[in-house]
Amino acid sequence: MGVFANEQTYTTYRFLETEDIVQYVKNLGFFLESEDVEVIEVSDGKINHVYRLRSNDKTVIFKQAVPYARVVGESMPLPLDD
């Protein structure tokens, strides 16, 4: 399965920046293309990045895993295939 963001399809892991996340959820139909979406990072864990995406009338929570322990950095890799 590929991820479609910013008019490109990615089939391998790639960290999505906030602009990419907004486009991704818009492509999935959670927000209209014309909607203004505010992104707030609400992460408090050790591994995943968690964002709250909010428009005038709805909210979506987006969770993004990274291939390493977020609190340690890339020196503690985590497998992508499990």
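Mentor: Let us begin with Gln 23, which counts as buried because its relative accessible area is 18%, under the cut-off of 20%. The model is a predicted one, and what follows should be read as a description of that model. Gln 23 belongs to helix H1. Its side chain makes a polar contact with the side chain of Glu 33, at 3.3 Å.

Three strands form an open sheet in the order S3-S4-S5, and their pairing is antiparallel. Strand S3, residues 38–41, and strand S5, residues 59–65, lie at the edges, each pairing on one side only. From one strand to the next, the twist averages 25 degrees. Strands of a sheet pair through backbone hydrogen bonds, in a parallel or an antiparallel manner. Between S3 and strand S4, which spans residues 48–54, there are 4 bridges, and these two strands run antiparallel.

The nonpolar residues come next. In soluble globular proteins, nonpolar side chains tend to be buried together. Here the largest nonpolar core has 11 residues: Leu 16, Ile 21, Val 22, Tyr 24, Val 25, Phe 31, Val 37, Tyr 51, Leu 53, Val 60 and Phe 62. At least two residues of this core come from each of H1, S4 and S5. H1 supplies the largest share, 4 residues. The helix that holds Gln 23 is therefore also the largest contributor to this core.

Charged residues complete the view. Side chains of opposite charge can pair when their charged atoms come close. The structure has 3 salt bridges. In one of them, the side chains of Asp 20 and Arg 14 meet at 3.2 Å, N to O. Asp 20 is buried because its relative accessible area is 6%, whereas Arg 14, at 27%, is partly exposed.

A further salt bridge joins Lys 58 to Glu 35, with 3.6 Å between the closest N and O atoms. Lys 58 sits in the loop between S4 and S5 and Glu 35 in the loop between H1 and S3, so this pair ties together parts that are 23 residues apart in sequence. Lys 58 counts as partly exposed because its relative accessibility is 31%, while Glu 35 is buried at 15%.

The salt bridge between Glu 38 and Arg 54 has its closest N and O atoms 2.6 Å apart. Glu 38 is in strand S3 and Arg 54 in strand S4, so that distant parts of the chain, 16 residues apart, are linked by this pair. Glu 38 has a relative accessible area of 39% and is therefore partly exposed. Arg 54, with 30%, is partly exposed as well.

Technical notes
Residues are numbered from 1 along each chain as its sequence is written. This is a predicted model: local features need pLDDT of at least 70, side-chain atom pairs count only at pLDDT 80 or more; totals for chains, interfaces and linings use all residues. Side-chain values use heavy atoms; hydrogens and water are left out. Two strands pair if DSSP finds at least two bridges between them. Axes are lines fitted to C-alpha atoms, for helices over the stretch in contact, and angles run from 0 to 180 degrees between N-to-C directions. Buried means under 20% relative accessible area, exposed over 50%, partly exposed in between (1.4 Å probe, protein chains only). A polar contact is a pair of N or O atoms within 3.5 Å; within protein, one must be able to donate a hydrogen and the other to accept it, and residues adjacent in sequence count only if both atoms are side-chain atoms. A nonpolar core is a set of buried Ala, Val, Leu, Ile, Met, Phe, Trp, Tyr and Cys residues joined through side-chain atoms within 4.5 Å. A salt bridge is a side-chain nitrogen of Lys or Arg within 4 Å of a carboxyl oxygen of Asp or Glu.
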